[in-house]
Amino acid sequence: MIRNDWTLDEITKIYNSPILDLMYRASTVHREYHTANEVQVCTLLSIKTGGCPEDCSYCPQAARYHTDVKVHKLLEVDEVLTKASIAKQNGSTRFCMGAAWRNVRDNRDFDKVVDMVKGINKMDMEVCCTLGMLTEEQAQRLKEAGLYAYNHNLDTSEEYYDDIITTRTYDDRLNTIGNVRKAGISVCSGGIIGMGESDEDRIKMLHTLSNMDKHPESVPVNALVPVEGTPLAEQPRVSVWEMVKMIATARILMPKTQVRLSAGRLKMPVTEQALCFMAGASSIFAGDQLLTTPNPDVNQDKAMFDLLGLTPRPANKEVPV
Ligand code: SAM
Ligand code: DTB
Ligand code: SF4
């Protein structure tokens with residue numbers, strides 16, 4: 001049964017249950033709602049890099065921090081379509097384009113993104129974008145172009161949000177997610193762990209996500225990739241048990257959702273990633289680059305799929321209602 005009325009107390013109990021019980025329960029839910037051993041492979045591409053006016057403390061693309069990221073204007077449509085077709089050949093069934101924008105503006109760049117969406121949609125992949133804040137009309141335009149999903153993360157709890165980002169509010173975030181939902185686009189929204197937040201913050205974020213009228217179809221769980229020059233550069237790496245707890249709790253609360261083992265895989269041996277799949281993760285990002293930071297290369301992941309007996313999941317073109 002899908003529930004949208006989880007209490008903080010219930011979520012806290014699940015999150016704090018003994019890890020083997022938690023994994024067993026999550027695995028059971030996972031196998032009830034998903035095909036066992038199937039993991040979706042997705043590819044990310046940064047279509048506009050760096051120079052972002054926001055102050056997200058984790059982000060190497062914020063203009064105000066001095067990182068090694070090189071600013072790059074919006075890529076050309078052809079170049080993006082070529083990258084998407086390579087991703088498809090490598091087994092990806094979802095292609096996500098990220099832009100370091102605070103919000104979408106109705107200009108020529110947006111026209112180009114709309115053309116990218118149209119082109120990738122024709123390739124029979126799930127096409128996803130993450131472009132910052134969106135109005136209802138912009139969401140509608142993307143929908144008409146064939147956008148399948150939109151990524152807009154809550155990142156953390158409402159309470160901890162101000163410690164991480166000051167240039168926009170939690171309500172701004174929820175508002176964009178609402179606009180995406182209204183346009184009939186599939187919602188992708190999750191967060192980052194390892195930013196100095198407490199367990200309570202993680203639980204509160206899961207509470208917000210799992211109490212939405214409709215659960216996000218996709219919830220990425222990112223481990224912070226600490227980047228030199230950002231305020232969070234010195235944060236210690238999160239342990240695999242913290243990833244497992246987040247993934248398993250998300251899986252139990254939102255049984256149908258794709259829970260994505262997102263940033264942070266480069267530092268995780270296959271044994272650790274296997275624990276995350278056991279806990280209910282049903283997707284990864286493949287390719288040697290996430291948006292700006294490194295990720296395991298395609299061959300390493302192919303070897304992992306062979307070793308663990310995983311199969312890549314086909315694209316889902318079913319539109320949420
Ligand atoms: N600018 C848009 C926005 O913020 O929504 C889209 C791109 S932004 C880079 C997408 C997501 O990447 C962020 O919401 C954050 O969750 C994740 N992210 C960025 N930097 C990260 C890092 N160093 N480690 C882990 N996740 C990160
Ligand atoms: C998400 O939650 N994780 C992906 C995707 N959504 C866009 C991005 C991770 C970015 C990690 C830092 C970087 O490579 O710049
Ligand atoms: Fe900009 Fe997005 Fe990075 Fe924040 S996370 S600084 S909005 S690119």
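Me: In this predicted model, what makes N153 and ligand 1 a polar contact?
Reply: A polar side-chain atom of N153 lies 2.9 Å from an oxygen atom of ligand 1. The cut-off for a pair of N or O atoms is within 3.5 Å, so this pair counts.

Me: What about D155 and V225, how do you know that they touch ligand 1 in that way too?
Reply: For D155, a polar side-chain atom is 2.7 Å from an oxygen atom of the ligand. V225 uses its backbone instead: an N or O atom there lies 2.9 Å from a nitrogen atom of ligand 1. Both pairs pass, because the limit is 3.5 Å.

Me: Which residues surround ligand 1, and what kinds are they?
Reply: There are 18 around it, with T130, N153, D155, R173 and V225 the closest. The shell splits into 10 nonpolar, six polar and two charged residues. As for the place itself, ligand 1 sits in the largest cavity.

Me: Now R265: why is it called buried?
Reply: Its relative accessibility is 0%. Buried means under 20%, so R265 qualifies. You'll find R265 in the loop between β8 (258-261) and α10 (270-278).

How values were computed:
Residues numbered from 1 in each chain as written. Chains lettered and ligands numbered in written order. Predicted model: local features only at pLDDT ≥ 70, side-chain atom pairs only at ≥ 80, totals over all residues. Heavy atoms only, no water. Near = heavy atom within 4 Å. Polar contact = N/O pair within 3.5 Å; in protein donor to acceptor, adjacent residues only side chain to side chain. 1 Å grid on protein atoms, 1.4 Å probe; cavity = no way out; pocket = protein on both sides within 12 Å on 5 of 7 lines; lining within 4 Å. Sits in = over half its atoms within 2 Å of the grid points. Nonpolar A, V, L, I, M, F, W, Y, C, P; charged D, E, K, R; others polar. Helix = DSSP H or I, 4+ residues; strand = E, 2+ residues; numbered from the N terminus. Buried < 20%, exposed > 50% of the residue type's maximum accessible area, 1.4 Å probe, protein only.
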